[in-house]
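Hi everyone, thanks for coming.

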Amino acid sequence: MLRGLSKFLLGLLLLLAVSLASYSAYACWAWGDIPASELEQKYGDVHLRTALVDGVAIRYRLHESAQPQAPLVVLIHNHFLDMGMWDAWIPVLTPHFRVLRYDLSGHGLTGPDPSGSYTVERDVALLEGLLAQLQVEAFALVGSSLGGNIAFSLAARTPERTQALVLINSGGLKRQSSRSGREIPAWADHIMPLIPPQALQRFLSWMAADQRAVTTGLKTRFVDMWRRAGNRRAELARLRQFRTGDPGSLLAAITAPALILWGEDNPQLPVALAADFERKLTAAKSVRRQLYPQAGHLLPLERPSASARDTLNFLLSAAR
């Protein structure tokens, strides 16, 4: 009887191993890396440009304004997304401002950083390098989620150049549920390429409180950019390097007028954090806070018209 049980268990383990190997082979074939050139053909346009900044080929778009000598606004996207999240904002802002948007390293069309560094400090340095290449002296900063971390870090570092700051569902403040990326095990490197598109799309839907924003096109783009060659490995490196510290001193160094936008039903970063940011911006010329009912973490996608309009009105008042 024991011999029979042993044979059964051995057969079960063998079946499991074969099934896992088959699934892995299928996943690598069906959901393998997509070359950057293929994605650029699919998602590129006449505005898409490349700037080589400290070894990173940053893909960006610079939208000119109808106004001569218009001020520049920099849009920094969410973690896991790409600069396409700002599409609806461009026609709202460009009658009054030049608009620069770009894909962070390890995201979208930019792809991995050869240095292997994905800290916020590295993100700030790369953005400073891009602005230097474009010969930009002064700017307004708009950052959503991880983009908020980058925006307020740069604003604190360059108060004389930052004309206004907009934080949208910003990361950066430590929460009770905050976790260290150092906890990610080594076997995750083997699992990451096997995550099916359906799981990625469910994650995207989880971030949004208003599911009307999670269109078929957005889901397809989200998965495509995830599969951009090198992005999945870069994502794991970014997660492992991410640290949520105490940015109180950075926020207290910001002197530009600030606007805080937040989705009241944000499942990732609770709405209470909006008030925490407001309290910590002690040196800002002014601080305004705007909350959006029934909206979640993807505010520029869930409330594109309202969030763009509110940002435009704030930027216009800050420029006076």
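Okay, one term before we start: when I say two residues touch, or are in contact, I mean they have heavy atoms within 4.5 Å. Also, this is a predicted model, where local features need pLDDT of at least 70 and side-chain atom pairs count only at pLDDT 80 or more, while totals for chains, interfaces and linings use all residues. Residues are numbered from 1 along each chain as its sequence is written, and side-chain values use heavy atoms, with hydrogens and water left out.

Let's begin with Leu-218. Leu-218 sits in helix H8; helices here are DSSP runs of H or I with at least four residues, strands are runs of E with at least two, and both are numbered from the N terminus. Leaving out residues up to four places away in sequence, Leu-218 touches Leu-204, Ala-213 and Leu-301.

Is Leu-218 buried or exposed? Leu-218 counts as buried, because its relative accessibility is 14%. The cut-offs are under 20% relative accessible area for buried, over 50% for exposed, and partly exposed in between, using a 1.4 Å probe and protein chains only.

Stay on H8 for a moment and find Arg-221, which is found in that helix too. Arg-221 has a relative accessible area of 15%, so Arg-221 is buried. Not counting residues up to four places away in sequence, Arg-221 touches Tyr-43, Asp-82 and Gly-84. The buried residues of H8 include Leu-218, Arg-221, Phe-222 and Trp-226. So what covers the buried residues of H8? The cover includes helix H2 (36-43), helix H7 (197-207), H9 and helix H12 (299-302).

Now zoom out. The protein has 13 helices and eight strands. Of its 320 residues, 50% count as buried.

Next up, the nonpolar cores. By that I mean sets of buried Ala, Val, Leu, Ile, Met, Phe, Trp, Tyr and Cys residues joined through side-chain atoms within 4.5 Å. In soluble globular proteins, nonpolar side chains tend to be buried together. Here the largest core has 41 residues, and Val-74, Tyr-102, Leu-131 and Ile-150 touch the most other members. H5 provides the largest share of this core, seven residues. There is also a second, separate core of 40 residues, which includes Val-166, Phe-222, Leu-236 and Phe-314. Back in the largest core, click on Leu-131. Apart from neighbours within four places in sequence, Leu-131 is in contact with residues including Leu-72, Val-74, Phe-139 and Arg-161.

On to empty space. Rolling a probe the size of a water molecule over the atoms shows where empty space is left. We work on a 1 Å grid over the protein atoms alone: a cavity is a set of points where a 1.4 Å probe fits but cannot get out, a pocket is an open set with protein on both sides within 12 Å along at least five of seven lines, and lining residues have an atom within 4 Å of a point. Points are joined across faces, edges and corners, and a volume is the space filled by probe spheres set on the points.

How many cavities of 30 Å³ or more does the search of the whole structure find? It finds three. The largest cavity has a volume of about 80 Å³, and among the residues lining it are Phe-80, His-107, Phe-222, Trp-226 and Arg-232. Helix H8 (216-226) and helix H9 (231-241) each supply at least two residues of that lining.

Then there's the second largest pocket, with about 330 Å³ of space. It is lined by 18 residues, and the closest to its centre are Val-120, Glu-121, Ser-153, Arg-243 and Leu-250. H5 gives the most to this lining, with four residues.

Phe-80, from the cavity lining, has a positive phi of about 80 degrees although it is not a glycine. Phe-80 counts as buried, because its relative accessibility is 17%. Gln-69 also has a positive phi without being glycine, near 60 degrees. Gln-69 sits in the loop between strand S2 (56-63) and strand S3 (72-76), and Gln-69 is exposed, with a relative accessible area of 79%.
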